[in-house]
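Subject: Structure handover

Hello,

Here is the structure I promised to pass on. Please open it alongside this note.

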Amino acid sequence: MQKDLPIAMASALPRRSRQAQIVWGSRCVTVGGDAPVRVQSMTNTDTVDVIGTAIQVKELALAGSELVRLTVNTPEAAQAVAPIREQLDRMGIDVPLIGDFHYNGHRLLTDYPECAQALSKYRINPGNVGKGDKHDRQFGIMIEAAIRWNKAVRIGVNWGSLDQELLADLMDQNSRRNPPWGAKPVMYEALITSALDSAQQAVDLGLNPDQIILSCKVSGVQDLISVYRELARRSSYALHLGLTEAGMGTKGAVASAAALSILLQEGIGDTIRVSLTPQPGESRTQEVVIASEILQALELRSFVPSVTACPGCGRTTSTTFQELTQQIEGFLRAQMPVWRTKYPGVEKMKVAVMGCIVNGPGESKQADIGISLPGTGEAPAAPVFIDGEKRMTLRGDAIAQEFQVIVENYVEKRFGAPAAVTP
């Protein structure tokens, strides 16, 4: 039976959070509202090492990180922040820096005003700002610094460092319920209450609500989804998403993708970080690549041209298509820091590298530019499709190099500025 309506295309729900402004100098990044979901990362260098930290910030920024967080835990680290900012400016790296404070942030922001001014945002953990009477006073000092220097604040609650007095009070309240909640719902409520109460306290002290971003970080996928659904229901603040310790390798990537994708599809989340444990020798930029890939897979953002490639099967005993796919992906990603400004729109380009005749020509026609390599027993020829049409056939041992040149020429022709007409 014919349907009256076509199948609706899936799309993420619109976000409803308020906008937050992250300012440094005369520059500004908007988070929340209609702004795109931002990718965040964090250095793992010793912040005291000004050059080493600036180099890693540069690597993260060039990989696509739009916000970079630094550990600010000692007087020496606080003193290094302004020189790091200056070094980045000399290198032309225009990315805001976030200060990650625990335990002594109130002292560091007071004693080192150059640090407070050079940072674009402060991350404050309500569970680590002091106990008892010190909590409100030390939290207030940090908020006053944010007001004085016009900085955004992320109130970042973490279930590994919850305010124990708040948790004890909620557990006591729960004991009087009939029937009482389980331990996990109480923990959820403690996370959310800590974030919302701290945000209200900051507003009461005079901080503009548009300068507040909230996070409630946990390590479990289902826990994160449950907490953020409720946090989004009960507030309109911009939200930062991420598993607090995603893990290493495949586990960290899959867990992050599973949790963040569900929330982002529901319109929850304004900045994301994949807190990936680097494998030995692995670049810190891998967490940025995965975060970007999550947003690109959901069609929320485009960062780098996408490459469609077949998984291989018994028809493709040759490894040529695997090697070409790896080469093209690496080439496209390496070119993006330059292409992003030189060729606007190139990040939305689709490339196909296919391994045999079954799906190769069809997928290549669907891409902007694609190549269908010969499978086992097929004629040693690789047709190239451009904008849906077969344009040429490559043969011989230099197919990979020739196809890369074709891709470069296509990018320049399609996305380059039109040549000026000489009168």
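This is a predicted model: local features need pLDDT of at least 70, side-chain atom pairs count only at pLDDT 80 or more; totals for chains, interfaces and linings use all residues.

**The barrel**

Start with the strands. Eight of them form a closed barrel, in the order S3-S4-S5-S6-S7-S8-S9-S11, and the pairing is parallel. Look at one pair in detail. Strand S6 covers residues 121–124 and strand S7 covers residues 152–158. The two run parallel and are joined by four bridges. Within this pair, Tyr122 faces Val153 of S7.

Helix H10, residues 286–297, lies across two strands, S3 (38–42) and S11 (271–272). Its angle to S3 is about 160 degrees.

Helix H5 spans residues 133–149, which makes 17 residues. From first C-alpha to last, H5 reaches 25 Å, close to the expected 24 Å. Which residues of H5 are buried? They are His135, Gln138, Phe139, Gly140, Met142, Ile143, Ala145 and Ala146. Their cover includes strands S5 (97–101), S6 and S7, along with helices H3 (105–111) and H7 (183–204). Just past the end of H5, Asn150 has a positive phi of about 55 degrees.

**Salt bridges**

Side chains of opposite charge can pair when their charged atoms come close. How many salt bridges are there? The count comes to 19. Three of them are worth a look.

- Arg18 and Asp210 meet through their side chains at 3.1 Å, N to O. Arg18 sits in the segment before strand S1 (20–24) and Asp210 in the loop between H7 and strand S8 (212–217), so the pair ties together parts 192 residues apart in sequence. Arg18 is partly exposed, at 30% relative accessibility. Asp210 is partly exposed too, at 31%.
- Asp100 and Arg123 also form a salt bridge, at 3.1 Å, N to O. Asp100 belongs to strand S5 and Arg123 to strand S6, so this pair links parts 23 residues apart in sequence. Both Asp100 and Arg123 are buried.
- Arg333 and Glu293 form a salt bridge, with their closest N and O atoms 2.8 Å apart. Arg333 is in helix H11 (residues 320–342) and Glu293 is in helix H10, so the pair ties together parts 40 residues apart in sequence. Arg333 is partly exposed, with a relative accessible area of 30%. Glu293 is partly exposed as well, at 37%.

Best wishes

Terms used:
Residues are numbered from 1 along each chain as its sequence is written. Side-chain values use heavy atoms; hydrogens and water are left out. Two strands pair if DSSP finds at least two bridges between them. Contact means heavy atoms within 4.5 Å. Axes are lines fitted to C-alpha atoms, for helices over the stretch in contact, and angles run from 0 to 180 degrees between N-to-C directions. The expected span of a helix is 1.5 Å times one less than its number of residues. Buried means under 20% relative accessible area, exposed over 50%, partly exposed in between (1.4 Å probe, protein chains only). A salt bridge is a side-chain nitrogen of Lys or Arg within 4 Å of a carboxyl oxygen of Asp or Glu.
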